[in-house]
Amino acid sequence: MNNLLQKRWKWVLLWLLLISLFLIGYWIWWLDQPPDALLRNAPLSEFSAERAMEYVRLLAQKPHRAGTAANDDVRFKLLEFLNSQGLKAVTDDQTVSRGWTIANPCNIMVRLPGTGKIGSAKDHQAFLLMAHYDSVPYGPGAADNLSGVAAILETLRAIKAGPALTNDLICVFTDGEECGLLGAKKFAGHPWAKEVGCMLNFEARGVCGPSYLFELGEPKAWLVEEIARSRAPVRTSSLMFEVFRRLPFTTDFHMLRDFIPGMNIAFIGRFPYYHSVNDNPQHLDLRSLQHHGAYALAFARHFGNISLNADYSKPAPIFFSLFGAHLFYYSKSWSVVLTILNLALFVLFIWRERIYEELASGWRRCDLRNSLQYAIYFYAKSIISQFQRRWKRFEKTNGIKSTFISQCCFRSKYIFEFLLFSPLQRLRGFAAFGLLIFAGVFVATFVLGVGWLCRGPYMFYANGCFVLSGCFLSAAAVIVTYGAIRRRILLRNLERSVLFFWTVGMVLQTLFLPAGAFFWQWPLFAALLGGFGSNMLTGKFSGKTYLLMHSGKEDWVRENHAETFQVGFTVCNFNFKKRLFSPVFFFGSVFFLFLSMPVLAFGVPLLSGLAEALLAFSLPIIAICAILGVGLLLPLIDRSLLALKRLLSGVFVISGIIFLLWGIALSAPSKDCPRMSQLLYHLNADNGEAHWCSVEAELGSWTRQFFTLEPVLKALPELPERLFWQSPAPQGSMLCSLPVSMPCCTPAILQGSIPAPISGSLSDPLPAPIAELLDQSIGTDSRRVLGVRLSSPRGANRLLIHGFSKASTLSGKMNGVPLEIGGHEWTLDYSVLPQKPVELRLVLESNAVLTLVLTDISYSLPNIVPPRPDDCIPMNNVLNRGSRCESDTTHVMKSFSL
């Protein structure tokens, strides 16, 4: 083969290697995506996302917070559909309390009877499907959570069209989830809850993407085994639950998971549409809805035909899904065994690094002739060699047969060389790999900072562009850095550094968070197998190289084996003239590409999941994880990176800049990327003053028209823990508020010319809430018992109750339900207020005056407020952490002394 053809084949093979890795990674990512949506003409016994989307379009027409008329309309439509299917739906609207929150949510429950009971036990033989049908006040809730409601409705229809289930199927549509999981809390005390043996809860934190099974109840071992048998298209791992349960997020599932074995699923793609106006049917992905339904139908048919008496004896296993829907699981004891095996292989791999490897590759890459280190080595070797020759002469002269001392001298030269050169090389390897991580993290953080400075939190509307930009630019920085340090660092030392980091991470994960140890174990195991396979293919362990070096042929070894030692893997490092088409070459190529599968199979879903869960904030974490993963593939792609570094880095830089500019352009204010504004109207009925309030960090153009200059810092009476910027206005006091608890917001004095506040009168008067004393009594122990009727004449949806008294409140009840209140000051949030008076009964420790401050809240603004432009929407509770300062609400406050 001539030199030109040899060069062309070398470039072709390098490109084929990189393209193969890219295609494998893309294939793994594609398998992790939700399944294709079935059309309306799908078999009636199957789940069709198009049929389910009809329910979403019917129900998700406008925001429907619990307690509003819009939510009542959604409930009536649900009842109408269930009754039309011949199912007897029941409702439950009794008062329920949770902490300092109290409400009257209205759950909808339906039961599909099974054909009979399995086994001798009669309890816990029903399977439960649960989703909440209320939404936040800021959006229609197509994904959160009418997608779950539609999935249950379509599943009910499909089950009725197919074979009957053996167990009962209970479907619960809870109300008040967005107000504090109140509907689920109410169902937990319902008699049907005691008959449930397993459940599936639906949630959403976005509008697209795969539906993750991110949480399991107890017993996990039994659930994992049955999930694997159900053949549902699961996307899950034991690490998801361990991470989620440490986060400050809750769902309806949390009210039932302690006594009902169950599962919790959600899709999380395109988080900025979550809890906003854009959570509508137009943005809901049909494939995500199909994935929801695939879970529901597969689990309903599986758990509906088996015994649900769970086996609590087995400990929680390690489990994870790979290549789409294949669920693998094993006990934690096997995980410990795998960790010990990897640790032993790592020690063996390092131990087999012979001294001659440092000679063969170190002399080629490192010129030490002018260094003090080389001088010490040269003179020490000369002294040892002279001593060895004289000792041999002494042995020959005196006829001594023992060669122990001569062997020690022979070995000491290489031991001394190993001790002198190896630590330095290994430390340089660690430093080089750390430099690669620093380069990737620095550039990723830079991209995140540029996006935040340009667009703030609105950059997440184009989250995919910023993530891709960060990945491309970080890859370019890593490739450039790798090309620079590779001239001075042995690849073998880099490889050992990567393996060391992986081994330490695996051990720490096994000790402190064993549920996620598999992310370290299997890629490391494959990399160690690749290292041993490389050594075997190159003949390193055969002893041939060792004999050649000690028979005076070190030059031949350095000339013919250096590339093999540097690269480790043999894919692109054979002599192209002689071994290009050899069976060993093709076997090695396929073998090492196969060993790259664990790195990609675990790494690609992990990185895509991080990008969806943490948005662009995950870029530094993605950079670290990607560099660690690619580090295991360095022996495979080293030659490609070195040969193509200029081309690859240039392409990555151009691609990263294009995606960065594209992301900045896509996140500009528009109808699909609207700015969020916050405004509420507050009326103090005690003194007749009205206020406009806002929690925006910087007032937008629409909100600015309501405020004047010279704001002062004050607090509203019913929100003493919150500070507001207040300024005088011609008609009443106008307020601009800023939540102190938001770290991303800093107080700023309003400057410049601001238009005068909107004037005018309300077409309808706003009556204040009413507190009527029903009865009171003083007991023999001087305790005062009060009965108070509370009502909102204007039909508000929510009531805040603040109590103050010199006498401590001992206990209280609302509509006969015990409350968790007490002390001299307390607060109640009647989150879902019924359209009728409610009764509050209190017990005080002495006969003292009780002051009640009532604030009723309705989810609309006065009619004098002009409409928002198309690129402006109400601020949701993601940006506004103060749930009692919800946007587009009207507050009327009144105080009473009882």
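How many helices and strands does the protein chain have? In this predicted model, the protein chain has 23 helices and 26 strands. Of its 898 residues, 56% count as buried. Among the contacts in the protein chain with a separation of 6 or more, 79% are accounted for by residues 24 or more positions apart.

The pairing of helix α3 (residues 69–84) with helix α4 (residues 146–161) was examined through the axes of the two elements, which come within 11 Å and cross at roughly 10 degrees. An angle under 35 degrees counts as roughly parallel, and α3 is therefore roughly parallel to α4. Where the two helices meet, Leu-78, Phe-81 and Leu-82 are the residues contributed by α3, and Val-149, Leu-153 and Leu-156 are those contributed by α4. Of the 16 residues of α4, 14 are buried, so this helix is largely enclosed by the rest of the structure.

The buried residues of α22 are Leu-648, Ser-649, Ser-655, Gly-656, Phe-659, Leu-660, Gly-663 and Ile-664. Viewed down the axis of α22, these buried residues fall within an arc of 165 degrees, so they line one face of the helix. In general, an α-helix has 3.6 residues a turn, so residues three or four places apart point the same way. On the face of α22 turned away from the buried side lie the exposed residues Arg-646, Ile-654, Leu-661 and Ala-665.

Among the strands, β20 (residues 798–814) holds Ser-808, a residue that counts as buried because its relative accessibility is 13%, with the cut-off for burial set at under 20%. When neighbours within four places in sequence are left aside, Ser-808 is in contact with Gly-823, His-824, Val-843, Leu-844 and Glu-845.

The structure holds zero disulfides.

Note on methods. Residues are numbered from 1 along each chain as its sequence is written. This is a predicted model: local features need pLDDT of at least 70, side-chain atom pairs count only at pLDDT 80 or more; totals for chains, interfaces and linings use all residues. Side-chain values use heavy atoms; hydrogens and water are left out. A disulfide is a pair of cysteine sulfur atoms within 2.5 Å. Buried means under 20% relative accessible area, exposed over 50%, partly exposed in between (1.4 Å probe, protein chains only). Helices (H or I, at least four residues) and strands (E, at least two) are DSSP runs, numbered from the N terminus. The arc is that of the directions from the helix axis to the C-beta atoms. Axes are lines fitted to C-alpha atoms, for helices over the stretch in contact, and angles run from 0 to 180 degrees between N-to-C directions. Angles under 35 degrees count as roughly parallel, over 145 as roughly antiparallel, 65 to 115 as roughly perpendicular and the rest as oblique. Contact means heavy atoms within 4.5 Å.
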